[in-house]
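Let's look at a structure together and ask how we know what we say about it. Keep the 3D view open as you read.

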Amino acid sequence: MDSTNYQELLAKYLRGDCTDEERALLDQWFASLDSEVELPSTEDEQKELLSQNWQMLAARTVKTAPFKRFRARPYWVAAAVVLLIGGLSWYFVSRLTLELPGKLEQVMETQSSFTERINSSALPERVVLSDQSVVTLQPGSRLRYPIEFAGNKREVTLIGEAFFEVQKNPHKPFLVYSHDLITKVLGTSFRIKAYPTDRNVTVAVRTGRVSVYSPQLATQTKLKSDPETIGVVLTPNQQVTYLGQEHRLVKTLVEKPLVVIRNEELASFTFQNAPVSKIMAAIEKTYGVDVVYDEELMANCFITTSLDQENLYDKLTIICKLLGATYKIIDAQIVISGSGC
């Protein structure tokens with residue numbers, strides 16, 4: 001008899017379910033375990049002894065039904081976690097919805113009051129804002145702006161390149177957010193380049209005045225003052241580049257300075273034995289730039305030339321050759337150095 005049959009028969013025996021043949025089989029098997037045991041002489045005494053032995057044996061060998069531990073399978077655990085998170089989320093969202101309906105509606109209203117224009121075409125796209133300011137959006141650029149300007153500011157966000165023509169409103173400044181830089185104007189025209197792949201941002205002014213600053217600079221200098229006070233002010237033909245990696249503003253002139261005065265005010269750039277001071281004054285007025293030079297040193301310098309067709313940089317190159325001088329652009333100013341005449 002193997003162990004399995006033994007267990008089954010013994011269980012039946014203890015329940016009183018054994019047949020006579022099974023009981024005899026058990027007795028025979030038990031007797032074989034210890035042949036040296038001397039059985040009583042009477043049949044009743046043998047049965048009683050066997051019964052007692054079986055009880056003792058059963059107490060030692062019969063396996064009680066094992067306690068089935070609950071093993072949480074991985075997918076049951078995952079399902080429980082999902083249900084738990086879902087339940088908690090529903091609970092908190094429900095509470096927020098019930099407790100803060102006004103705030104939620106306000107947020108949704110604020111979000112829906114903005115719109116975004118992405119120029120996915122190959123040509124510049126013209127966007128007219130609610131204050132009639134016009135933004136010429138370059139291909140691949142993105143502008144986010146409110147459908148209607150509310151409050152005491154006009155705020156937009158630019159990613160990419162755009163030319164702004166802002167309507168004047170002294171009571172409601174116009175602010176452009178591009179990367180870490182803020183461009184603040186009251187009414188003017190300017191260009192911003194703030195591409196997502198370039199951390200540097202360039203602001204170039206066509207007309208008017210523009211204030212450019214970065215809150216990052218105020219953080220670095222640990223100043224608690226208005227960050228605008230550590231920015232720069234740009235006038236026509238000036239530009240500033242914010243170096244994102246260095247957190248620094250570099251002010252200079254635009255690549256192609258334009259004439260900033262009306263045609264009727266534009267004087268001829270043909271000079272006959274003219275003093276240097278007269279030529280420099282004409283440049284400053286025509287392009288709205290500052291020219292720095294040693295007036296005393298060049299007081300005896302006179303020039304005869306015609307520069308009507310040349311752009312600003314070509315004019316400077318020719319003048320400096322005639323004077324034996326050189327020029328640099330420093331902080332958006334033209335600085336001329338020479339030994340005089």
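This is a predicted model: local features need pLDDT of at least 70, side-chain atom pairs count only at pLDDT 80 or more; totals for chains, interfaces and linings use all residues.

**How do we know?**

Q: How do you know that the span of helix α8 agrees with its number of residues?
A: Helix α8 has twelve residues, 312–323, and at 1.5 Å a residue it should span 16 Å. Its end C-alpha atoms are 17 Å apart, so the two values agree.

Q: What makes Asn 311 a cap for α8?
A: A side-chain oxygen of Asn 311 lies 3.1 Å from the backbone nitrogen of Tyr 313. A polar contact needs such atoms within 3.5 Å, and this pair caps the N-terminal end of the helix.

Q: Which residues of α8 are buried, and why are they said to be on the same side?
A: The buried ones are Leu 312, Lys 315, Leu 316, Ile 319, Cys 320 and Leu 323. They cover an arc of only 125° around the axis, which puts them on the same side of α8. These residues pack against α7, β16, β17 and β18.

Q: Why is Cys 320 called buried?
A: Buried means under 20% relative accessible area. Cys 320 has 4%, so it counts as buried.

Q: Why is the link between Cys 301 and Cys 341 called a disulfide?
A: The sulfur atoms must be within 2.5 Å. In this pair they are 1.9 Å apart, and Cys 301 and Cys 341 form a disulfide. A search of the whole structure finds one disulfide.

Q: Are Cys 301 and Cys 341 buried or exposed?
A: Buried is under 20% and exposed is over 50%. Cys 301, at 1%, is therefore buried, while Cys 341, at 57%, is therefore exposed.

Q: Why is Ser 211 called buried?
A: Its relative accessible area is 10%, so Ser 211 falls under the 20% cut-off. Ser 211 is found in strand β10. Beyond its neighbours within four places in sequence, its contacts include Ile 182 and Val 232.

Note on methods
Residues are numbered from 1 along each chain as its sequence is written. Side-chain values use heavy atoms; hydrogens and water are left out. Buried means under 20% relative accessible area, exposed over 50%, partly exposed in between (1.4 Å probe, protein chains only). Helices (H or I, at least four residues) and strands (E, at least two) are DSSP runs, numbered from the N terminus. Contact means heavy atoms within 4.5 Å. The expected span of a helix is 1.5 Å times one less than its number of residues. The arc is that of the directions from the helix axis to the C-beta atoms. A polar contact is a pair of N or O atoms within 3.5 Å; within protein, one must be able to donate a hydrogen and the other to accept it, and residues adjacent in sequence count only if both atoms are side-chain atoms.
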